[in-house]
Amino acid sequence: MVEVSIKLKQIEPLPMVKLTVMVLLLSSCGTDTVESDEQTDPVLVEYPVVFIERDVNTSIEEDIVAQTTFSARNPILFNPGAQLIVKNNAFADSPSTNISAQLFSSNESEVATEDERIDIRDLSVSDDGQQFLISIRAPEIENVDEQPTWNIWRYQLATKQLERLIISDNTAEQGDDLMASFLPDGRIIFASTRQRLSRAILLDEGKPQYTARNERGDDAALNLHVMNADGSNIRQVTFNMSHDFYPLVLQDGRILYSRWDTMGGNDKINLYTMNPDGTDSQLVYGWHSHQLMIDGDNANIEFVKPQQLPN
């Protein structure tokens, strides 16, 4: 797998401008040539490309100019207007397919209407490059308090099918599921607001099951969970009162993740490591490294979305 990072500079919003926010290359599915309309190279191996494409604005109505907003502390924010695109290879003129166009729409067109627009994030490719995981949130439902939750979907090159990992609608809607990654044993680690074990413990103790809010009471609290590759046997492995999220599977099998520490007057997102079952959690970095001088003023920085280099 080859990862290409794209950094976007702040620009003035333009209606219906689309930006590519993440590009990953999947390993080849058996082909040994690269083809375009102009050439065929029998030496190079074809690597399909998958990426998220999104609109700059969250609405396609002309009188609405709300921009896409991302928050490190509230990753559940809904930014409608994303699409999941797969290309046969990295040639500029290679055909592309919008594989998310028909997920929640009866419209055969690949262009979603205002009430069909979805949000997509957290693209994670397996080590063998034959499948990837993605977080998808269904379109907003007008005049309804309980909106759809974030769900984890899986795409497999062998079948070319994009399917929700948790089949049961009831189970899938028990919380927001995001940031999934494959563990070495085939299971999946992810961040979720469902906190099933926390609720079960409270129920056993005869206490009311709390709503999973962070310590400030602002948003739903994410904790790390593990489940089987088929979406079964979901188990909570961290129990932070605020967010535990952005898990990264390290080369040694341990998990590097971000934790929002708010106890004792602190208000920081630091990096921790743990075993996949949640044991041996340790602070790695960040507790005293959040202040940054920008133009002479103090600014706080957060440690999220870590990546491990080959060395």
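Predicted model: local features only at pLDDT ≥ 70, side-chain atom pairs only at ≥ 80, totals over all residues.
**View 1. Strand β16 is mostly covered.** Six of its six residues are buried; buried means under 20% relative accessible area, exposed means over 50%, and partly exposed lies in between, with a 1.4 Å probe and protein chains only. Residues are numbered from 1 along each chain as its sequence is written, and side-chain values use heavy atoms, with hydrogens and water left out.

**View 2. β16 and β17 form an antiparallel hairpin.** Four bridges pair the two strands; pairing requires that DSSP finds at least two bridges between them. Asp244 stands opposite Arg259 in β17. Five residues lie between the strands of the hairpin. Gly253 takes a positive phi near 95° in this hairpin.

View 3. Most residues other than glycine have a negative phi. Tyr246 sits in strand β16. Tyr246 is buried, at 8% relative accessible area. Met179 belongs to strand β12.

**View 4. The largest nonpolar core has 21 residues.** Such a core is a set of buried Ala, Val, Leu, Ile, Met, Phe, Trp, Tyr and Cys residues joined through side-chain atoms within 4.5 Å. Met179, Ile189, Leu222, Leu224, Phe245, Ile255 and Met274 have the most contacts inside it. The elements that give two or more residues to this core are β12 (177–182), β13 (188–192), β14 (223–227), β16 (244–249), β17 (255–261) and β18 (268–274). A second, separate core has 17 residues, among them Ile52, Ala82, Ile118 and Leu162. In soluble globular proteins, nonpolar side chains tend to be buried together.

**View 5. Ile189 touches residues from several parts of the chain.** Contact means heavy atoms within 4.5 Å. Leaving out residues up to four places away in sequence, Ile189 touches Met179, Ala180, Ser181, Leu183, Leu224, His225, Val226, Pro247, Val249, Ile255 and Met274. Ser181 also stands opposite Ile189 in β13.

**View 6. Four strands make an open sheet.** The order is β12-β13-β14-β15, with antiparallel pairing. β12 and β15 (235–236) stand at the edges, each with a single partner strand, so one side of each is left without a neighbour in the sheet. Four bridges join β12 to β13.

**View 7. The structure holds one cavity of 30 Å³ or more.** On a 1 Å grid over the protein atoms alone, a cavity is a set of points where a 1.4 Å probe fits but cannot get out, and lining residues have an atom within 4 Å of a point. Grid points are joined across faces, edges and corners, and the volume is the space filled by probe spheres set on the points. The largest cavity has a volume of about 40 Å³. Arg154, Tyr155, Gln156, Thr159, Gln161 and Glu163 line it. β10 (150–156) and β11 (161–164) each give two or more residues to the lining. The largest share, three residues, comes from β10. By class, the lining has one nonpolar, three polar and two charged residues; Ala, Val, Leu, Ile, Met, Phe, Trp, Tyr, Cys and Pro count as nonpolar, Asp, Glu, Lys and Arg as charged, and the others, Gly among them, as polar.

**View 8. Tyr47 and Ser281 lie in loops.** Tyr47 is in the loop between β4 (40–41) and β5 (49–55). Tyr47 is partly exposed, with a relative accessible area of 42%. The C-alpha atoms of Tyr47 and Asn88 are separated by 7.0 Å, though the two residues are 41 apart along the chain. Ser281 is in the loop between β18 and β19 (282–285). Ser281 counts as partly exposed, at 35% relative accessibility. Beyond its neighbours within four places in sequence, Ser281 contacts Tyr257, Tyr272, Thr273 and Met274.

Notes:
1 Å grid on protein atoms, 1.4 Å probe; cavity = no way out; pocket = protein on both sides within 12 Å on 5 of 7 lines; lining within 4 Å.
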